Amino acid sequence: MKAFLPQALRFVTLTCLRATGLGAGLLASTVPSWAATVPLATDILPSGVPLPVPAPSFVRPPEDSSTELLGHAGGARDWLARQGVSLTIQDVEEIWGLPAGGTQRGATYDGMTAAALMLDTQPLFGLKNGLFNISALQIRGRSFTAERLGALNTVSGYDAGRSTRLFELWYEQGFLNNHLNVRVGSLDLDTEFLVSQNASFFLNSSFGWPLSTSSNLYSGGPSWPFSALGGRIKWTPAQPLVLMGAITDDNPTQGPFYSTISPTERDPSGTTFSTHGGVLFMGEAQLWLDMARQLAGPDAPALPGTWKLGGLYDTGRFPDQRYDANGTLLASPDSSGAPYYHHGNWILYAVIDQMIWRKAKNSGKTINFFARAIAANQTRNQFAFEIQSGFTFDELLPDRPDDTIGIAWGTSLYSAQARHYAQDSVRLGTSQPYSLTPEHHFELTYQAAVTPYLIVQPDFQYFMHVGGTTQDPTTGKRIHNGVVAGLNITTTF
């Protein structure tokens, strides 16, 4: 999205370029330093996130109330802005259909309304570089993935379980002209860590917070729609480099690792503020690169990219995938069914977001590439490796300068212990014959800016080896490859 992005969404470009050093001289002279850490309006969206303007430098756009449905809201929005107060409201409506494959053909609706209130402490209290943020979600509808498709990778980030809940609540303070930034409160880590900007454009939830973390951590970890108590520090020691670290509680809903109660049912209001369980440590290094300058010199059209390395360590207790607490095979008829629990767990990852082609210097017609690879502990986790990759195309269609097309693929590989458990189950006769097979998901999506405040995104997804098995282990029946068609409509108020 480009000219049609609402004003708050345009901070995507500012934040990405400032964090990586792109156009640093221009930014320093044209925008206040606190703007670089203003949370994006899109931070509250788990998937289908509009892409920033593909530009080699940033020029702050003028305020434009036409980019929100309510406009000036009778002057209230302008008055609040002068006081340092910003209110963003977004509504998402989705319909998903299963014409072939899966477990039950048909259509399902889901939706979300989100509100975020941000306070800039400088006009309010005279305190520079301070931000207070509170946000809430109202999630509705049914789970298409669970009820009809049966896949491991959820078709949409909004397929998350009904609830009306607090999302985030935190205060942030910048130091050293915001080269050092500290945030404390109830945090959602997937707005800053493990993020691929281009992958977040897609609707499948695994392109946001991936299957490796959502399956291997308690309640999926502090990720949408959950947050956890903790703190985050961000340091920019040199303009091309950003270092981040976070410490939070590892169990947002305070539930056991395995539970018949869903996380949103366990904590329907988002106010558990759990300190139960372990501590989650997360760190990430980000480096900006301009591949065009590296390969063709300073006069070449800019091809900006961000390369990231990171990881997490959780001090909590995690179930063994093959053995019970007595050392017996979990698949054995003699097993207690209670797994042996290990102390600690780790996950490592690498992310590449790279523009690979630009029609001409300063042109918005671009092709962008992303890749994300994840590795996890083989003993404690169901999934040990995950890889995703894809392309996004800006201004591909004539006379549609604000539209984006994307195609992507992803898969997750089972850990050795998880595969051994499946083999044990078949060998010992405690399940129907089956084997674990990596689920592959493909997505083709088109995001169209219908008006300055309305985005429509038709979407097509195809799933191979639905559920990650050759047959359903309880029935022995094969689940056919899934064909999914959907429509996402996002309105900014």
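Colleague: What do the side chains of Arg183 and Glu192 meet in?
Modeller: A salt bridge, at 3.6 Å from N to O. The term covers a side-chain nitrogen of Lys or Arg within 4 Å of a carboxyl oxygen of Asp or Glu.

Colleague: What should I know about the source?
Modeller: This is a predicted model, where local features need pLDDT of at least 70 and side-chain atom pairs count only at pLDDT 80 or more, while totals for chains, interfaces and linings use all residues. Residues are numbered from 1 along each chain as its sequence is written, and side-chain values use heavy atoms, with hydrogens and water left out.

Colleague: Back to Arg183: buried or exposed?
Modeller: Arg183 counts as buried, at 6% relative accessibility. Glu192 is buried too, at 14%. The classes are buried under 20% relative accessible area, exposed over 50% and partly exposed in between, using a 1.4 Å probe and protein chains only.

Colleague: Which ring does the charged end of Arg183 sit over?
Modeller: The ring of Trp170, at 3.7 Å from its centre. To count, NZ of Lys or CZ of Arg has to be within 6 Å of the ring centre and within 35 degrees of the ring normal.

Colleague: How many salt bridges does the structure hold?
Modeller: There are 13. One of them joins the side chains of Arg140 and Glu93, with N to O at 2.7 Å. That pair links distant parts of the chain, with Arg140 in strand 3 (residues 130-141) and Glu93 in strand 1, 47 residues apart. Helices (H or I, at least four residues) and strands (E, at least two) are DSSP runs numbered from the N terminus. Glu93 is partly exposed, at 26% relative accessibility.

Colleague: And what about Arg427 and Asp424, what do their side chains meet in?
Modeller: Another salt bridge, 3.0 Å from N to O. Both residues are in helix 9 (residues 416-427), 3 residues apart, which separates them by about one helical turn. On accessibility, Arg427 is exposed at 56%, whereas Asp424 is buried at 3%.

Colleague: Change of topic. How many aromatic pairs does a search of the whole structure find?
Modeller: It finds 12. Trp96 and Phe144 are a tilted pair because their ring centres are 6.5 Å apart and their planes are at 35°. Trp96 is in strand 1 (residues 85-102) and Phe144 in helix 5 (residues 144-149), so this pair also links distant parts of the chain, 48 residues apart. Rings of Phe, Tyr and Trp (its six-membered ring) pair if their centres lie within 6.5 Å; planes under 30 degrees apart count as stacked, over 60 as edge-to-face and the rest as tilted.

Colleague: Is Trp96 buried or exposed?
Modeller: Buried, with 0% relative accessibility. Phe144 is likewise buried, at 0%.

Colleague: What kind of aromatic pair do Phe369 and Phe391 form?
Modeller: A tilted one, with 5.3 Å centre to centre and 50° between the planes. Phe369 belongs to strand 11 (residues 366-376) and Phe391 to strand 12 (residues 383-394), so the pair ties together parts 22 residues apart in sequence. Phe369 is partly exposed at 22%, and Phe391 is partly exposed at 32%.

Colleague: Which residues form one aromatic cluster?
Modeller: Phe201, Phe202, Phe207 and Phe370.

Colleague: Now backbone. Where is the cis peptide bond that joins a residue to Pro225?
Modeller: Between Trp224 and Pro225, with omega about 5°. Pro225 is in the loop between helix 6 (211-216) and strand 6 (228-238).

Colleague: What is phi of Gln254?
Modeller: About 65°, which is positive although Gln254 is not a glycine. Gln254 is in the loop between strand 7 (241-249) and helix 7 (263-266), and is partly exposed at 39%. Asn362 also has a positive phi, near 70°, and is a residue other than glycine. Asn362 lies in the loop between strand 10 (339-358) and strand 11 and is exposed at 57%.

Colleague: Last one, how many helices and strands does the protein chain have?
Modeller: There are 9 helices and 16 strands. Of the 493 residues, 54% are buried.
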